[in-house]
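Please examine the chain shown below with its fold and one of its residues in mind.

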Amino acid sequence: MGIKIKERRIAAGISQEELAEMSGVSRTTISAIESGKARSTTTKTLQNIAHALGATLDQIFSLDD
């Protein structure tokens, strides 16, 4: 999941700080999710990140995308 978020963020040409501002999620949390260091996160946090990236949770979790 973290790698999908990172790939989408990079494809959109935005930094972690910009994604943090757009999603209301701290840059530290985004970094932890992208690197796989986040042990857990809420569905709301993931929804906020997905929405900021113009994606759905299904797209973030999909193995086909």
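This is a predicted model: local features need pLDDT of at least 70, side-chain atom pairs count only at pLDDT 80 or more; totals for chains, interfaces and linings use all residues.

Tutor: Residues are numbered from 1 along each chain as its sequence is written, and side-chain values use heavy atoms, with hydrogens and water left out.

Student: How many helices and strands does the chain have?

Tutor: Helices (H or I, at least four residues) and strands (E, at least two) are DSSP runs, numbered from the N terminus. The order of elements from that terminus is α-α-α-α-α. The count is therefore 5 helices and 0 strands.

Student: Is Thr45 buried or exposed?

Tutor: Thr45 lies in helix H4, residues 43–52. Buried means under 20% relative accessible area, exposed over 50% and partly exposed in between (1.4 Å probe, protein chains only). Because its relative accessibility is 17%, Thr45 counts as buried.

Student: Which residues does Thr45 touch, not counting those up to four places away in sequence?

Tutor: Contact means heavy atoms within 4.5 Å. With residues up to four places away in sequence set aside, Thr45 touches Val25, Thr29 and Ile33.

Student: With which side chain does the side chain of Thr45 make a polar contact?

Tutor: A polar contact is a pair of N or O atoms within 3.5 Å; within protein, one must be able to donate a hydrogen and the other to accept it, and residues adjacent in sequence count only if both atoms are side-chain atoms. At 2.9 Å, the partner of the Thr45 side chain is the side chain of Thr42.
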